[in-house]
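Here is a chain with its predicted model.

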Amino acid sequence: MSIPQDPYILLSYLNTQLRDKYASLAALCEDLDESQTALEEKMKTVQYHYDSARNQFIHD
């Protein structure tokens, strides 16, 4: 399965996956064979960043 390309849909997808299935963004990226850097950069385009303490993307 490919991940959503729209940043806002991707945000929802990532946070749901992080909440329900993965203990960290690194684990999600490894399992889905995605670049963590690329995902974080894409989320920056809509002013969100990954907060490891919350294990979710949050608004800047």
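Q: At what angle do helix H1 and helix H3 pack, and how far apart are their axes?
A: In this predicted model, H1 (residues 7–20) packs against H3 (residues 36–44) at about 125°, and the two axes lie 9 Å apart.

Q: Why is H1 called oblique to H3?
A: The angle is about 125°. Roughly perpendicular covers 65 to 115 degrees and roughly antiparallel begins over 145, with the rest counted as oblique. The pair falls in that remainder, so H1 is oblique to H3. The crossing of H1 past H3 is left-handed.

Q: Which residues make the contact of H1 with H3?
A: From H1 come Pro 7, Leu 10, Leu 11 and Leu 14, and from H3 come Leu 39, Lys 42 and Met 43. By class, six of the residues are nonpolar, none is polar and one is charged.

Q: Which residues of H1 and H2 meet?
A: Tyr 13, Leu 14, Gln 17 and Leu 18 of H1 meet Leu 25, Leu 28 and Leu 32 of H2. This contact of H1 with H2 has six nonpolar residues, one polar and no charged.

Q: At what angle do H2 and H3 pack, and which residues make the contact?
A: The angle between H2 and H3 is about 115°, with the axes 9 Å apart. H2 contributes Leu 25, Ala 26, Leu 28 and Cys 29, while H3 contributes Gln 36, Leu 39 and Glu 40. The classes in the contact of H2 with H3 are five nonpolar, one polar and one charged.

Q: Why does Leu 28 count as buried?
A: Buried means under 20% relative accessible area. Leu 28 has 0% relative accessibility, so the term applies. Leu 28 is placed in helix H2 (residues 25–32).

Q: What is Leu 28 in contact with, leaving aside neighbours within four places in sequence?
A: Leu 28 is in contact with Leu 14, Gln 17, Leu 18, Tyr 22 and Leu 39. Leu 14 lies 14 residues from Leu 28 along the chain, and their C-alpha atoms are separated by 8.5 Å.

Q: How do you know whether Leu 25 is buried or exposed?
A: The relative accessibility of Leu 25 is 0%. Since buried means under 20%, Leu 25 counts as buried. Leu 25 also lies in helix H2. Not counting residues up to four places away in sequence, Leu 25 touches Leu 18, Gln 36, Glu 40, Tyr 50, Asn 55 and Phe 57.

Q: How many salt bridges does the structure hold?
A: The structure holds two salt bridges.

Q: What makes the pairing of Arg 19 with Asp 20 a salt bridge?
A: The cut-off is a side-chain nitrogen of Lys or Arg within 4 Å of a carboxyl oxygen of Asp or Glu. For Arg 19 and Asp 20 the closest N and O atoms are 2.8 Å apart. Arg 19 is exposed, with a relative accessible area of 61%, and Asp 20 is exposed at 53%.

Q: Why are Lys 44 and Glu 41 said to be separated by about one helical turn?
A: Lys 44 and Glu 41 are three residues apart in helix H3, which means about one helical turn between them. Their side chains meet in a salt bridge at 3.4 Å, N to O. Glu 41 has a relative accessible area of 41% and is partly exposed.

Q: Where do Gln 47 and Asn 55 lie, and is each buried or partly exposed?
A: Gln 47 lies in the loop between H3 and strand S1 (48–51), and at 41% relative accessibility counts as partly exposed. Asn 55 lies in the loop between S1 and strand S2 (56–59). At 14% relative accessibility, Asn 55 counts as buried.

Note on methods. Residues numbered from 1 in each chain as written. Predicted model: local features only at pLDDT ≥ 70, side-chain atom pairs only at ≥ 80, totals over all residues. Heavy atoms only, no water. Axes fitted to C-alpha atoms, helices over the stretch in contact; angles between N-to-C directions. Helix = DSSP H or I, 4+ residues; strand = E, 2+ residues; numbered from the N terminus. Parallel < 35°, antiparallel > 145°, perpendicular 65-115°, else oblique. Left-handed = near helix turned anticlockwise from the far one by under 90°. Contact = heavy atoms within 4.5 Å. Nonpolar A, V, L, I, M, F, W, Y, C, P; charged D, E, K, R; others polar. Buried < 20%, exposed > 50% of the residue type's maximum accessible area, 1.4 Å probe, protein only.
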